[in-house]
Each structure stands twice: as structure tokens, then as C-alpha cells.
Amino acid sequence: MATRGNSDTTYLALLRGINVGGKNVIKMADLRNCFEANGFRDVVTYIQSGNVIFRSPASGLSTLTNRIEEMLASAFDYEASVVLRSRRQMPAVVSDAPSGFGERPETYRYDVIFLKAPLTATAAMEHVPARPGVDESWAGSGVLYYSRRIDQASRSYLSRLASMPMYQRVTVRNWNTTTRLLELMERD
């Protein structure tokens, strides 16, 4: 690992819209190299859906998000959109999940819908569709928690999210990926 400055902070960049249906294909090695070439340190990617953990001097999330989006758009020629979370924010995403969330994977699929500022959980809850008896959603801090019954997956309303204007301000990760990303962020 690289030498760290005293003011370095660990961040998680959640890229939306890459490696989905053959669009915006970016190899994780290329993504990691891009971050490193732009001065980010201790860069780790996790699975193909665009999860990048890195260290950088502490900065405002908005400023850092803009910098990363411009960097990615230039390097990979696509309209980059990133949801950024700091190491300080991520533990609450996991610990503040509703009681029992993630505990019955044989019955439910569990997702975390990460919201990009200025979208708030309260505003998002007004628009996220949930089918009674199939889907359930809860508001968190900068996220929505969403579960759907596996045996009713074809009836779930979660897929409707993709056709909503709000979809451009969110990115979805399953619960296992979310908890694994936190584990990776906390390694030192």
C-alpha cells in the first residue's frame, strides 16, 4: 500500500451505468489505473459493477464527486455519474438498516439504493414503487433499503425505478455487495 498522508480519507465511489447490457464497458484494471493516474491512492475495485475504494486528502463530497465524474468522462468517453460515500458514512448504511434486513436471503432479495445529493431519502420514498406483499422499502440516511420476495420477483416494482427521472440520481447495490464494500473500506 502507498504511504498515506495524515489528512487522507477513505472513500467509496459507486459508478452508475457501467458494464450493464454491454454499455459503458470499463475493465476494472483500467478503472483502477485511471484513479491511480489521477493521484488517488490505495485504489481497490470490487466486482464489475463499478465499485472503487480509494484514499484521497479529505475534501467536500460534492467537489470530489465532480472531479471524479469529469475524470471518468474524459478517460472513458461516457457521461459519468458517481455516488460517493466516505468511510465515516458507510458504517451507518449497514448498521442503520431496518431490523432483520438481509437476514432471510432464501426468501428475500435485499438491495440498498444509494442516493446522489441533492436527492433525499424522504423525497425518494415518495417515488419508489413498492408492490404490497412483494416489495418493501425504508428510508435511511442517503439511502433506501429495498426488499422483494424471491418467489414473487417477476411481480416486483423495483424494475420500474429504471424508467423514472429519479433513476439518474441513484445507484443500486445488493446487500452482500454493500456489506462487503464496508469491510473493504475498514481494512487498514
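Author: Let's start with Gln-152, which lies in the loop between β7 (143-149) and β8 (170-174). Strands here are DSSP runs of E with at least two residues, helices are runs of H or I with at least four, and both are numbered from the N terminus. This is a predicted model, where local features need pLDDT of at least 70 and side-chain atom pairs count only at pLDDT 80 or more, while totals for chains, interfaces and linings use all residues. Residues are numbered from 1 along each chain as its sequence is written, and side-chain values use heavy atoms, with hydrogens and water left out.

Reader: Is Gln-152 buried, exposed or partly exposed?

Author: Gln-152 is partly exposed, because its relative accessibility is 22%. Buried means under 20% relative accessible area, exposed means over 50%, and partly exposed is in between (1.4 Å probe, protein chains only).

Reader: What does Met-166 touch?

Author: Leaving out residues up to four places away in sequence, Met-166 touches Leu-119, Ala-124, His-127, Val-128 and Leu-161. A contact means heavy atoms within 4.5 Å. Met-166 and Leu-119 are 47 residues apart in sequence, and C-alpha to C-alpha they are 8.3 Å apart.

Reader: Changing topic: how many aromatic pairs are there in the whole structure?

Author: A search finds 9. Rings of Phe, Tyr and Trp (its six-membered ring) pair if their centres lie within 6.5 Å; planes under 30 degrees apart count as stacked, over 60 as edge-to-face and the rest as tilted. Take Phe-101 and Trp-138: their ring centres are 5.8 Å apart and their planes are at 90 degrees, so this pair is edge-to-face.

Reader: Which parts of the chain does that pair link?

Author: Distant ones, 37 residues apart: Phe-101 is in the loop between α3 (90-95) and β5 (108-115), and Trp-138 is in strand β6 (residues 135-139). Phe-101 is buried at 7% relative accessibility, whereas Trp-138 is partly exposed at 26%.

Reader: What about Phe-101 and Trp-175?

Author: Their ring centres are 5.0 Å apart with planes at 90 degrees, so that pair is edge-to-face. Trp-175 is in helix α5, so the pair ties together parts 74 residues apart in sequence. Ring pairs join Phe-101, Tyr-108, Tyr-110, Trp-138, Tyr-145 and Trp-175 into a cluster.

Reader: Which residues touch the most other members in the largest nonpolar core?

Author: Leu-15, Phe-35, Phe-54, Ile-68 and Leu-72, out of 21 residues in that core. A nonpolar core is a set of buried Ala, Val, Leu, Ile, Met, Phe, Trp, Tyr and Cys residues joined through side-chain atoms within 4.5 Å. At least two residues of this core come from each of β1 (8-15), α1 (28-37), β3 (51-57), α2 (61-76) and β4 (82-86). Another core lies apart from it and has 18 residues, among them Ala-97, Phe-101, Tyr-110 and Tyr-145.

Reader: Last one: where is Thr-177, and what does it touch?

Author: Thr-177 is in helix α5 (residues 175-186). Not counting residues up to four places away in sequence, Thr-177 touches Tyr-46, Ile-47 and Asn-51.
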